[in-house]
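The sequence and structure come first, and the description follows.

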Amino acid sequence: MMPLLASSQTLSTEDLVTVPSKTLKNALIVKNERDFLKNQITVVRDSVNILVTITNNQDSIIKTQDTSISLYKKIDTDRQKQLEYKDSIINNYQKQIKKIKLKFIVSSIALVGILLVI
C-alpha cells in the first residue's frame with residue numbers, strides 16, 4: 001500500500017528504497033547498541049570525573065596530614081631539646097650540691113679537728 005501524497009508532493013524513484021527486512025533489523029539493532037554504548041560512555045565519564053574529584057580530595061587530606069605529622073615531629077624534637085636542656089640544668093645542680101656537701105664535710109672535719117686540738 002502506497003502512502004497518500006500531498007498535492008504538492010510527487011513520487012519519484014529516488015524516494016522509493018527497498019531494504020531487506022533482515023538488514024533493517026540489523027540496522028535497528030546497531031542503532032540501539034550505539035545509543036546504549038553512548039549512554040554507557042556518558043556514565044563512565046561521569047564516574048571518572050567523580051573518581052578524579054575523590055582522588056583530589058584524598059590527596060588534599062594526605063597533604064594536610066603530612067603537614068600535621070611534620071608539625072608534630074617538630075614539636076617532639078623541640079620538647080626533646082627542652083628535656084635535654086633541663087636535664088643538663090639538673091645535672092649541674094646535682095654537681096653543685098655534691099661540691100657543697102663535700103665542702104661541708106671537709107669544713108665539718110676541719111672544725112672537729114680544730115675542736116679536738118683545743
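## Salt bridges in outline

The model is predicted. Across the whole structure, a search finds 3 salt bridges. Side chains of opposite charge can pair when their charged atoms come close. The pairs are described below, after the overall make-up of the chain.

## Overall make-up

The chain has 1 helix and 0 strands. Helix α1 covers residues 21-117, and the chain has 118 residues.

How much of the chain is buried? Buried residues account for 0% of the 118 residues. The accessible surface of the chain is about 11,700 Å². Carbon and sulfur atoms contribute 64% of that surface.

## The network around aspartate 35

Lys31, Arg34 and Asp35 are joined in a network of salt bridges. In one of its contacts, the side chain of aspartate 35 meets that of lysine 31, with an N to O distance of 2.9 Å. In another, arginine 34 pairs with aspartate 35 at 3.3 Å, again N to O. Aspartate 35 therefore takes part in a salt bridge with lysine 31 and in one with arginine 34, since both pairs fall within the 4 Å cut-off between nitrogen and carboxyl oxygen.

Lysine 31 and aspartate 35 both belong to helix α1, where they sit 4 residues apart, or about one turn of the helix. Aspartate 35 counts as partly exposed because its relative accessibility is 26%, between the limits of 20% and 50%. Lysine 31 is also partly exposed, at 46% relative accessibility.

## The pair at lysine 74 and aspartate 78

A salt bridge links lysine 74 to aspartate 78, and their closest N and O atoms are 3.1 Å apart. What separates these two residues along helix α1? They are 4 residues apart, which means about one helical turn lies between them. Aspartate 78 has a relative accessible area of 33%, so this residue is classed as partly exposed.

## A positive patch

Lys95, Lys98, Lys99 and Lys103 form a patch of positive charge on the surface. One of them, lysine 99, lies in helix α1. Is lysine 99 buried or exposed? Lysine 99 is exposed, because its relative accessible area is 58% and the limit for that class is over 50%.

## A nonpolar patch

A nonpolar patch on the surface is made up of Val17, Val19, Leu24 and Leu28. Together these residues have about 380 Å² of accessible area. Valine 19 is placed in the segment before α1.

Methods: Residues numbered from 1 in each chain as written. Predicted model: local features only at pLDDT ≥ 70, side-chain atom pairs only at ≥ 80, totals over all residues. Heavy atoms only, no water. Buried < 20%, exposed > 50% of the residue type's maximum accessible area, 1.4 Å probe, protein only. Patch = residues over 30% accessible without salt bridge, like charges linked within 9 Å, V, L, I, M, F, W, Y side chains within 5 Å. Areas by Shrake-Rupley, 256 points an atom, 1.4 Å probe, with all protein chains shown as cover. Lys, Arg positive; Asp, Glu negative; His and termini not counted. Charge placed at Lys NZ, Arg CZ, Asp CG, Glu CD.
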